[in-house]
Amino acid sequence: MSDADTRYMREALELGRRAMGNAWPNPAVGCVIVQGDRVVGRGWTRPGGRPHAEAVALAEAGGAAEGATAYVTLEPCSHHGETPPCAEALIRAGVARVVVPIPDSDPRVSGKGLAMLRAAGVEVVEGVLSEEAARDHAGFFLRLTEGRPLLTLKLATSLDGRIATATGESRWITGPEARARVQGMRACHDAVMVGAGTARADDPQLTVRDREVPRQPVRVVVSRRLDVPLMSQLARTAREVPVWMCHDPGADAALCQAWEGLGATLLPARLRGQHMDMASVLRSLGDQGLTRVLCEGGGALAASLLQAGLVDELVCFTAGMVIGAEGTPAIGALGLERLGAAPRFQLVSAEAVGGDIMHRWERVRV
């Protein structure tokens, strides 16, 4: 592995991130094709998962791909699906060398793409920036291994962990810079999820605003009884931007019919006691092809996800204000009696965003 390999793979990873939120159910892949010391082709997975990054980069490179090095952020596919195998396309274009960070764990590929390249005499280099690539593709891998998408929980709180006053006032705890950053987070996730309480209290749109996106995230509402107003913004716009309602299979049939009539997709999931089984909910979302979900509240939904060990990333925006114990807590009751049972996360980064602090955490896996 050379410094050039690291530099071009980093560029490929940046390209792949442009596809996050748009490529599902496929992985968000980036590809850079280099001839000598000149980049001749760039590509990333297009909305809906095709064309693949390699095909886009090869089309741009044209004849300059012959004898070149291709940097691809995931093992090129080897199977015939809706598009021909990318490994085959690289071979046909005469690429001499392929650099990848990690193999694809999809059983249809899983080493077969690299084996196809090697069998054709293409030099293959593995392991370049593997940790970064594994983090970028974590949602795609989770869907393959656990049947669910990666779950990011976003919290915007006061210094004492409150998201609203006792009267319910919450606009705005954090500043405009933090809110703009949240719009960016929505854009790179396949779906934005809230609980029924948040949907009723805030009447949110849950769309990406103030920027152009090729594909709006799916709006997911976890509502056991489907008791979100049928005149809400989500209901009125369900035909424009997808709305998926995760609910109790025994929900009122008239409400099921009403939501379907508005254009929403209904996803029944199991109950755990009197509440939705969040593992079942996330598996339903995985079955639909989602790989990355951003949860924006509320406290009861956040607590359910934490209790079930389903929060993979935690992103907190903390404002410099104190609301007090009478305010609404960001996280509902967890029923903990021992600190040893508390969900734990490790700090990834912290930065000032306007007048607020943004800190990212990853779940500690035991």
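**Cavity, strands and cores of the predicted model**

One cavity of 30 Å³ or more is present in the structure, which is a predicted model. The space in the largest cavity amounts to about 90 Å³. Its lining is made up of 15 residues, and those nearest the centre of the cavity are Asn26, Pro27, Ala28, Thr291 and Arg292. By residue class, the lining of the largest cavity comprises seven nonpolar, five polar and three charged residues.

Strand S3 covers residues 69-72 and pairs with both S1 and S4. Strand S1 (residues 30-35) runs antiparallel to S3, and four bridges join the two. Within this pairing, Val34 has Thr69 of S3 as its bridge partner. Strand S4 (residues 97-100), by contrast, is parallel to S3, with three bridges between them. Thr69 takes part here as well, with Arg97 as its bridge partner in S4. The side chains of S3 point in two directions: Thr69 and Tyr71 to one side, Ala70 and Val72 to the other. Residues on both sides of S3 are buried.

The largest nonpolar core contains 39 residues. Within this core, the residues with the most contacts are Met9, Ile33, Tyr71, Val98 and Leu117. Helix H1 (residues 3-17) is the element that gives the most to the core, contributing five residues. A further core of 31 residues lies apart from this one, and includes Ala191, Ala269, Met278 and Leu310.

Asn22 is located in the loop that lies between H1 and S1. The relative accessible area of Asn22 is 5%; because this is under 20%, the residue is classed as buried. Beyond its neighbours within four places in sequence, Asn22 is in contact with Arg46, Pro47, Gly48 and Gly49, together with Pro214 and Arg215. Along the chain, Asn22 and Glu351 are 329 residues apart, and a distance of 27 Å separates their C-alpha atoms.

Key
Residues numbered from 1 in each chain as written. Predicted model: local features only at pLDDT ≥ 70, side-chain atom pairs only at ≥ 80, totals over all residues. Heavy atoms only, no water. 1 Å grid on protein atoms, 1.4 Å probe; cavity = no way out; pocket = protein on both sides within 12 Å on 5 of 7 lines; lining within 4 Å. Points joined across faces, edges and corners; volume = space filled by probe spheres on them. Nonpolar A, V, L, I, M, F, W, Y, C, P; charged D, E, K, R; others polar. Buried < 20%, exposed > 50% of the residue type's maximum accessible area, 1.4 Å probe, protein only. Pairing = 2+ DSSP bridges. Core = buried A, V, L, I, M, F, W, Y, C linked by side-chain atoms within 4.5 Å. Contact = heavy atoms within 4.5 Å.
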